[in-house]
Amino acid sequence: MTGNLLHGWRVEEYGHSRDGVALRAFLPESGPTAGLLVAAQHGEEAVTALLARRLLERVSGDATRWVVVPVANPDGLINGTRQNAAGVDLNRNFPATTWRSDDSYTYPPGIEDERRVVANRTNLSKPGEHPGSEPETQALMRFVERVQPPLVIDVHSPLELLLPRGDVPPAIVESLSRAADLPIVDDVGGPCPGAFDDWLLEVGIPAIVYEVEHGGLPALCARHLPGLEALLRSPNGGVRPS
């Protein structure tokens, strides 16, 4: 992720995965943080990491005040699994009040939209031995607490929607919705205990869960990069001044 196509970005290792892979964040050269974009919490959602990479290539680090974490779960990405190397779903491991000790179930990777019904939620997701048990979770929490982003974009696949959490500026949600023709919802249709956005909400950081659809990378880039690029390039990062 550090090839010569990336300009103006400062790369920082903010921790390591369960298998010892470096967790990397891309930061602008200077200025206060306007927002944080996180992708690939689920290794099976590799396309979100590729979108983040394309975004880093299209927006120079000196043209934005956003921070980008393109791969939050490198072990899962390498292994092609939703979970990390310990079999834990990182998006069920955050120490929010919603965290539950029992296993939860999600849809198998690549399942057709018409089969996304409760009976087909057969992919086991362990929440971890305790909230925040995983090194990837701990590292991301520490990083968020240090950079204090006023807004987080949490990129996932394949639900094709925007889910705003907390006091997100309506203009940002509406702009992203218009740019990619995405519906704005208030629920994703199933429980997500211990999710990253639940934890963000409880520590007072607004977030948008940004779900892209199943699709090839060229089509996904054409649909989703214009709105995300405009957000990263906008004055104050698109976030209203405090």
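# Briefing on a predicted model

The buried residues of helix α3 are E136, T137, A139, L140, M141, F143, V144 and V147. The structure discussed here is a predicted model.

**Helix α3**

- Helix α3 covers residues 135-147, a run of 13 residues.
- From its first C-alpha to its last, α3 reaches 18 Å, close to the 18 Å expected at 1.5 Å a residue.
- Several elements take part in covering the buried residues of α3, including the strands β1 (9-16), β2 (22-28), β3 (35-38) and β4 (66-69).
- The helices α2 (74-79) and α5 (196-202) also belong to this cover.
- V147 is part of helix α3, and its relative accessibility is 13%, so V147 counts as buried, the cut-off being under 20%.
- V147 and P32 are separated by 115 residues in sequence, yet their C-alpha atoms are 8.5 Å apart in space.
- Q148 follows α3 and has a positive phi, near 50°.

**The β1–β2 hairpin**

- Strands β1 and β2 form a hairpin, with 5 residues between them.
- Within the turn, G20 has a positive phi of about 85°.
- The two strands, β1 and β2, pair in the antiparallel sense over 7 bridges.
- V11 is placed opposite F26 of β2.
- β2 is mostly covered, with 6 of its 7 residues buried.

- In soluble globular proteins, nonpolar side chains tend to be buried together.
- Apart from neighbours within four places in sequence, Y210 is in contact with I153, D154, V155, H156, L161, L162, L176, A180, L182, H224 and L228.

**Helix α6**

- The buried residues of α6 are L217, L220, C221, R223, H224, L225, G227, L228, E229, L231 and L232.
- These buried residues pack against the strands β3, β4, β7 and β9, and against the helices α1 and α4.
- At L225, α6 bends by about 40°.
- A proline, P226, follows within four residues of this bend.

**Aromatic rings**

- The model has 4 aromatic pairs.
- In the pair formed by F94 and W199, the ring centres are 6.0 Å apart and the planes stand at 35°, so this pair is tilted.
- The pair links distant parts of the chain, as F94 and W199 are 105 residues apart.
- F94 lies in the loop between α2 and β5 (104-106), whereas W199 belongs to helix α5.
- Both F94 and W199 are buried.

**Backbone features in loops**

- A cis peptide bond runs from S157 to P158, with omega near 15°.
- P158 is located in the loop between β7 and β8 (161-165).
- E160 is likewise found in the loop between β7 and β8.
- Phi of E160 is positive, near 60°, in a residue other than glycine.
- The relative accessibility of E160 is 29%, so E160 counts as partly exposed.
- D181, in the loop between α4 and α5, also has a positive phi, near 55°, and is a residue other than glycine.
- D181 counts as exposed because its relative accessibility is 63%, and exposed means over 50%.

Definitions and conventions: Residues numbered from 1 in each chain as written. Predicted model: local features only at pLDDT ≥ 70, side-chain atom pairs only at ≥ 80, totals over all residues. Heavy atoms only, no water. Expected span 1.5 Å × (residues − 1). Buried < 20%, exposed > 50% of the residue type's maximum accessible area, 1.4 Å probe, protein only. Contact = heavy atoms within 4.5 Å. Pairing = 2+ DSSP bridges. Bend = angle between axes of the 7 residues up to and from the residue. Phe/Tyr/Trp six-rings, centres within 6.5 Å; stacked < 30°, edge-to-face > 60°.
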